[in-house]
Amino acid sequence: MTRHKRVGILTSGGDCGGLNAVTRAVVRRARDYGFDIYGIKDSTMGLLSRPIDAEVLDLKRVSGILRYGGTILGTINKNNPFAFPMADGRVLDRSEEVIEGYHQLGLDALIGIGGDGSLAILNKLAEQGNWQLVGVPKTIDNDVGTTEHSIGFHTALSIAVEALDRLTYTAISHSRVMVLEVMGRDAGHIAMSAGIAGGAHVILVPEIPYSIDNLCSKLLDRKARGNNFSIVVVAEAVKTETGEPLLYTNSLGQTLYGGIGQYIGNEISSRTGIETRVSTLGHLQRGGTPSALDRLLGSAFGVAALDLVAQDKFGRMVAWQNRRVVDVPIAEAIAQYRSVEIDGALVETALGLNTYIGELEK
Ligand code: F6P
């Protein structure tokens, strides 16, 4: 009797909406090919564990998960196997152990769902360890190159827009400026899209420098024209006006973004005298019920990823381009970081709406 092809699936990096839709789609599509699907726990940690931490995923296990937030497989956004932080403080290259985990499990292929960082690590493991890898792009930051959408962005965007709608009522009721700090790591996609969709008057993104004087003039001008409130959206990686990143290191030694919303809020209130409050949306953008679009995208990517496995097309990432699912080399996708396009449609839209988005060269 011939053995069924064994396909592993793992989720890596920060959780986001739509991950379970991919897992479900892969398992459902596997019926058509007679493949066995192995769900690997906590990204590469499952392959590092002995015994290997994985479970066979059947239709029953994935039933209904389409509408769940997070990932049933678990995930991590630390513990890079090439520079693995040990409990005793040493940093070791444990890539060979992870590679061996794939072979011990008898995998014929692996579907890795991750952002640019995770896909880069998985691709390196695949090259070094002769893995057959297919990538699926996910990240609320939407910064993976060569795909117009990554899973998770739309859910995060919907939450940010809802937050702006809520803040707007408070801003109007109290005649205040309300500042919302959103995630996005080094890219300003969430801030730019949420700012436009949520009717913000100021949008700050890491890709565009800004002047606090001009930002404040915008707010004072609105006030002078009889508007009693303003809404400001700022991406977490925006730097201070003088170019310093606002980062902090927690007790575990992890360096994280934090504080730019408060910095901007303080500058606004001290320079304009307008009462200002700051909210930081944080991880609320990642969890919760996935949006319809992320479920759709996740389903489409899951089916297409398994089809690539069936066609023996490896080293490829599924991507959304021009209303179709296509596949591109993983190496190309991770080499092309996707920032907010200064000459793109959204920047043009924000400018057309007379939103202050910083100091663009004329
Ligand atoms: O990459 C996704 C993301 O949510 C970023 O937007 C954010 O900077 C980071 O992850 C937060 O990571 P953590 O979950 O480790 O706090």
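Figure 1. V177 is found in strand β8, residues 177-182. Strands here are DSSP runs of E with at least two residues; helices are runs of H or I with at least four; both are numbered from the N terminus. V177 counts as buried because its relative accessible area is 2%. Buried means under 20% relative accessible area, exposed over 50%, and partly exposed in between, with a 1.4 Å probe and protein chains only. G287 is 110 residues from V177 along the chain, and their C-alpha atoms are separated by 27 Å. This is a predicted model, in which local features need pLDDT of at least 70 and side-chain atom pairs count only at pLDDT 80 or more, while totals for chains, interfaces and linings use all residues. Residues are numbered from 1 along each chain as its sequence is written, and side-chain values use heavy atoms, with hydrogens and water left out.

**Figure 2. Strand β14 at V318.** V318 sits in strand β14, residues 316-321. V318 has a relative accessible area of 1%, so it is buried. Not counting residues up to four places away in sequence, V318 touches G135, V136, P137, F301, A304, A305, L308, V325, V326 and D327. G39 lies 279 residues from V318 in sequence; C-alpha to C-alpha, the two are 19 Å apart in space.

**Figure 3. The loop at T146.** T146 lies between β7 (133-137) and α6 (153-174), in the loop. A relative accessible area of 14% is why T146 counts as buried. With neighbours within four places in sequence left aside, T146 is in contact with M317, A319, Q321, V328, E332, A333 and Q336.

**Figure 4. Two nonpolar cores.** A nonpolar core is a set of buried Ala, Val, Leu, Ile, Met, Phe, Trp, Tyr and Cys residues joined through side-chain atoms within 4.5 Å. The largest one has 78 residues; I37, I111, V136, M192, L204, Y210 and I264 touch the most other members. Helix α6 gives the most to this core, with nine residues. Apart from it lies another core of 26 residues, among them L47, I52, F84 and A126. In soluble globular proteins, nonpolar side chains tend to be buried together.

**Figure 5. Contacts of M192.** M192 is among the residues that touch the most other members of the largest nonpolar core. Leaving aside neighbours within four places in sequence, M192 is in contact with I203, V205, I208, V340, L346, V347, A350 and I357.

**Figure 6. The loop at R67.** R67 is found between α3 (59-62) and β4 (84-85), in the loop. Residues T289, P290 and R295 touch R67, not counting residues up to four places away in sequence. I99 is 32 residues from R67 along the chain, and their C-alpha atoms are separated by 32 Å.

Figure 7. Most residues other than glycine have a negative phi, and most peptide bonds are trans. The peptide bond from R50 to P51 is cis, with omega near 0°. P51 belongs to the loop between α2 (45-48) and β3 (54-56). S43 has a positive phi, near 60°. The loop between β2 (36-40) and α2 holds S43. S43 counts as buried because its relative accessibility is 1%. N354 also has a positive phi, near 65°. N354 is found in the segment after α12 (345-352). At 53% relative accessibility, N354 counts as exposed.

**Figure 8. Whole-chain context for the close-ups.** The protein chain has 12 helices and 15 strands. Its C-alpha trace spans about 80 × 45 × 35 Å along the principal axes. Buried residues make up 51% of the 362 residues. Of the contacts with a separation of 6 or more, 73% come from residues 24 or more positions apart.

How values were computed:
Contact means heavy atoms within 4.5 Å.
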